[in-house]
Amino acid sequence: MKFKYLIGAFAALTFMSSCKEDDNPQTNEPTAQNAEVILYYDFKFGDDDFALNQNFTTDNGEVVKFTLATYYLSKPAIMDDAGGMTMLDPEYYIIRPDVMMSKMGSIEPGHAHMFNVSIGLDEATNTEDGTSGVQPTDFSDANHPLAPQPEGMYWSWASGYIFVKIEGEVDNDGDGTFDNTFKYHLGTNDFRKDRSTMLHSDVAAGDTVAVTMTVDYKEFFNGVDLETEILTMSMGDARPLGVKMMNQFDAATSFSKGGGHDHN
Amino acid sequence: MITIKSLKNSLRSPIASLLLAMVLLMAFTSCREETDLKEAGPEAILELNIPHFPALNLKPDQLLTKSKVKLGKQLFFDPSLSRDYSISCASCHLPELAFTDGLAVSVGIEGRVHNRNSPTLFNVAWQPYLFMDGGNPTLESQVIGPIEEHREMDLPFTEAVSRIAAINEYQESFQNAFGDDVNPYTLSLALATYERALLSYDSPFDRFRYQGDSSALSESAQRGLALFESAELNCVACHKFPLTTDFSFQNNGLKDIYLDPGRARVTNNIPEHEGQFKVATLRNIALSAPYMHDGSLGDLGDVIDHYASGGSNHRLKSSLITGFEISASEKADLIAFLESLTDTSSYKLYTD
């Protein structure tokens, strides 16, 4: 599958809506007649704002510094009170600590009952058996979230995307010197986390439906032994640690209604 | 559009009266093949229709043209695709060694040692999945692997795209070949297209088996072929003709303990996949020593000895590996047959 679209300010939107047309002629581009959906991000380490390359102290007194904290979100949707689902565009998002919000298209006025999104990618996209799905080299637009990424979000030797990639260093004994590196490359279809957030909002034309995703990286390390539980590529003997760390990431993540300049 | 019949040596065949008309036709198309390929314009489609090979279903963008193959070849030999500009794809896939490197395991930038033997790229167009563990579905996405792998070229693919895009000559070549800029899609497609042109289909064995040239194989090689297909050795159970592989994953009993889990690496340790590796093609096998996933067997005699011994007692060893008796002369015959699978000329029609 080849995706082609113009390079420029409207590239991503043009691409997504053109692809969507094949499956669903309905568009959900923001207009004065509908309501925009925005997901805001709040990254923190306990009570502190989170950032890469900054020292933080865990509950165990270990000093950690993150050098990577990137993850995928996919297939956001709004469910109405009758169970009808509006799939939002774009479908895929790559999130780094400097991302403040993602505009996720819009919905028609009515009742927004629930917001759904997945951490990771859907099975049809994230091929692992080599017969379907997509690969980064399917994309001519280097800016597409599923195109090759600078931090390498695809296991080319195992044919699948890395859903969450977190790397950094840890000073275990508090002597001011980093003792170990930690690398958590989390993925494969079983790792996807489907999350739902209750909205219960009546939405009028011109409103903004706002949701905030909070990731507390202090919680990510809660209960993790940073002497030994520091490396997993989610496969082989390190798969159990991969499963654990994906659950840690899920637990460190929360979604709440509202955020930004929401007026709901 | 050009039709490749791959019968360039058919005129050497003894002309049996019943086949005279066919042979003449083959000779005609054979002569036309080389002429057409050489005269083909840069955008003419170079079809991979090898009569005795399975048909390929390439997507429109994957069809070979001279300009795409030429561009892919240039990239294949370009060390710009490694972090320190020290190695290219061709460093581990040398044409003169059947696109392998002669080492037990490959060596990347800064002397970093890989854990696997470099596989031949001949007839890679027919591979349904890539890598010895089948961990990648397409030639295009496979391209990311060695470029980004720490022990190989260690360059983020995004940077590879940026490096190539910064070279004006390449920009022009990509526009000519694809009508598009350098981007992840076209960069991977260019390399994959060159690799698809690495064909080997006109060996003495091919001429003997598929073109009726009974003189193409020595008597020794013919005896070796008979052994290869015999019920006792049963090499053809996995090394099926014409591609000499069925692409299945087998634990061939090479090890008692597999440090490299093979197929299990990509199937998340499904126990029965431990030690399974994709059955390798035997095309140009005489040029691609050493052998096995870790290059632990030095020559073809060692390989035959391994299978004759029945291999290890690994609990997951394939039931096909049972061992057999073979004399010294039979072993020589079998090697003569394996050597008859050599054809390192045909691909040059597409790539020179």
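How many helices and strands are there in chain A? Chain A has 3 helices and 15 strands, where helices (H or I, at least four residues) and strands (E, at least two) are DSSP runs numbered from the N terminus. Welcome to a predicted model, in which local features need pLDDT of at least 70, side-chain atom pairs count only at pLDDT 80 or more, and totals for chains, interfaces and linings use all residues. Residues are numbered from 1 along each chain as its sequence is written, while chains are lettered from A and ligands numbered from 1 in the order in which they are written.

**Chain A**
- Of the 264 residues in chain A, 42% are buried (20 or more other C-beta atoms within 10 Å of the residue's own, with C-beta atoms placed from the backbone).
- Among contacts in chain A with a separation of 6 or more, 74% join residues 24 or more positions apart; a contact means C-beta atoms, placed from the backbone, within 7 Å.

**Where chain B meets chain A**
- Here 25 residues of chain A are in contact with 30 residues of chain B.
- On the chain B side, helices H4 (139–142), H5 (144–148), H6 (157–165) and H8 (184–196) each supply at least two residues.
- H8(B) gives the most to this side, with 4 residues.

**Domains of chain B**
- Chain B is divided into domain 1 (10–39), domain 2 (66–194) and domain 3 (204–339), with bounds from an automatic or database domain assignment.
- The centres of domain 2 and domain 3 of chain B, taken over C-alpha atoms, are 27 Å apart.
- Their contact takes 20 residues from domain 2 of chain B and 22 residues from domain 3 of chain B.

Terms used:
A residue is buried if 20 or more other C-beta atoms lie within 10 Å of its own, exposed if 12 or fewer, and partly exposed in between; C-beta atoms are placed from the backbone. Two residues are in contact if their C-beta atoms, placed from the backbone, lie within 7 Å.
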